[in-house]
Amino acid sequence: MTAPRTAARIRPAGTGDAAAWSALHLRCLEETYRPLFGDAFADRQLTEAARTAGHDRALLADERVRAVLAVDDDGAPVGLAAAGPAPAAWEARAGVPPPPAGRQLFLLYTLAATHGSGLGAALLAAVTDAAATYLWIMDGNARAEAFYAKHGFRALDGTFPAGGPWAGQRMHRMLREGPA
């Protein structure tokens, strides 16, 4: 694999980054999902900003989670990623099948302006290792699915209805196998 072409610096993220993390998370949700799923869906994400911020704070406070933040030369956040032990609490409540691996990529987002720079690949490498890892992806997010496929993930059978602010959409898992 070639080295990423991004100029961003990636560093560990913690609870002190929660406000910046959530602001970036919401901006990335806007940039990613408004074009895919429309205004009503994207507006619902913004309406649920407090819920997202609470989830983000909990994620950053969990010592079992590896979270990183990418910042540009001016220190402005441009990307984020987090991975940790599976399953996520919502999975058990939702009644989805057991996770296909013990590690989950919880989220990985970069600003649209950084797409194609290698930043996503660098963030993925910063929070995952050779262990089997899975993620959830929204059905219809072809750009993200192609990105993950390029990095060894394959789509698993079965789609599931999303809940909360994601309601009305479907999602599926992707898995990257670990070493045999």
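1. **α1 against α3.** α1 passes α3 in a right-handed crossing. A crossing is right-handed if the near helix is turned clockwise from the far one by less than a right angle, and left-handed if anticlockwise. The contact uses Ala 18, Trp 21, Ser 22, His 25 and Leu 26 of α1. From α3 come Ala 49, Thr 52, Ala 53, Asp 56, Arg 57, Leu 59 and Leu 60. Contact means heavy atoms within 4.5 Å. By class, the contact of α1 with α3 has 7 nonpolar, 3 polar and 2 charged residues. Here Ala, Val, Leu, Ile, Met, Phe, Trp, Tyr, Cys and Pro count as nonpolar, Asp, Glu, Lys and Arg as charged, and the others, Gly among them, as polar.

2. **Basis.** This is a predicted model, in which local features need pLDDT of at least 70 and side-chain atom pairs count only at pLDDT 80 or more, while totals for chains, interfaces and linings use all residues. Residues are numbered from 1 along each chain as its sequence is written, and side-chain values use heavy atoms, with hydrogens and water left out. Helices (H or I, at least four residues) and strands (E, at least two) are DSSP runs, numbered from the N terminus.

3. **Geometry of the α1–α3 pair.** Two packed helices are described by the angle between their axes and the distance between the axes. For α1 and α3 the angle is about 130°, and the axes are 9 Å apart. That makes α1 oblique to α3. Axes are lines fitted to C-alpha atoms, for helices over the stretch in contact, and angles run from 0 to 180 degrees between N-to-C directions. Angles under 35 degrees count as roughly parallel, over 145 as roughly antiparallel, 65 to 115 as roughly perpendicular and the rest as oblique.

4. **α1 against α2.** α1 and α2 pack at an angle of about 160°, with axes 7 Å apart. That makes α1 roughly antiparallel to α2. Their crossing is right-handed. On the α1 side, the contact is made by Leu 26, Leu 29, Glu 30, Tyr 33, Arg 34 and Phe 37. Asp 39, Phe 41, Ala 42, Asp 43, Gln 45 and Leu 46 meet them from α2. By class, this contact of α1 with α2 has 7 nonpolar, 1 polar and 4 charged residues.

5. **The two sides of α2.** Which residues of helix α2 (residues 39–47) are buried? They are Phe 41, Ala 42 and Gln 45. They cover an arc of only 95° around the axis, which puts them on the same side of α2. The arc is that of the directions from the helix axis to the C-beta atoms. Buried means under 20% relative accessible area, exposed over 50%, partly exposed in between (1.4 Å probe, protein chains only). The buried residues of α2 pack against α1 (18–37) and α3 (49–61). On the face turned away from the buried side sit the exposed residues Ala 40 and Thr 47.

6. **α5.** In helix α5 (residues 119–127), the buried residues are Leu 119, Gly 120, Ala 122, Leu 123, Leu 124 and Val 127. Their cover includes strands β1 (9–12), β2, β3, β4 and β8 (170–176), together with helix α6 (142–150).

7. Arg 64 lies between α3 and β2 (66–71). At 56% relative accessibility, Arg 64 counts as exposed. Beyond four places in sequence, Arg 64 is in contact with Ala 83, Gly 84, Pro 85 and Arg 103. Arg 64 and Pro 85 are 21 residues apart in sequence and 6.9 Å apart in space, C-alpha to C-alpha. Gly 102 is in the loop between α4 (89–94) and β4 (103–110). At 55% relative accessibility, Gly 102 counts as exposed. Leaving aside neighbours within four places in sequence, Gly 102 is in contact with Gly 84, Pro 85 and Ala 86.

8. **A cis bond to check.** The peptide bond from Ala 86 to Pro 87 is cis, with omega near 0°. Pro 87 sits in the loop between β3 (77–85) and α4.

9. **Two partly exposed residues.** Ala 112 is in the loop between β4 and α5. Ala 112 is partly exposed, with a relative accessible area of 39%. Ala 112 and Cys 28 are 84 residues apart in sequence and 7.5 Å apart in space, C-alpha to C-alpha. Arg 27 belongs to helix α1. Arg 27 is partly exposed, at 47% relative accessible area.
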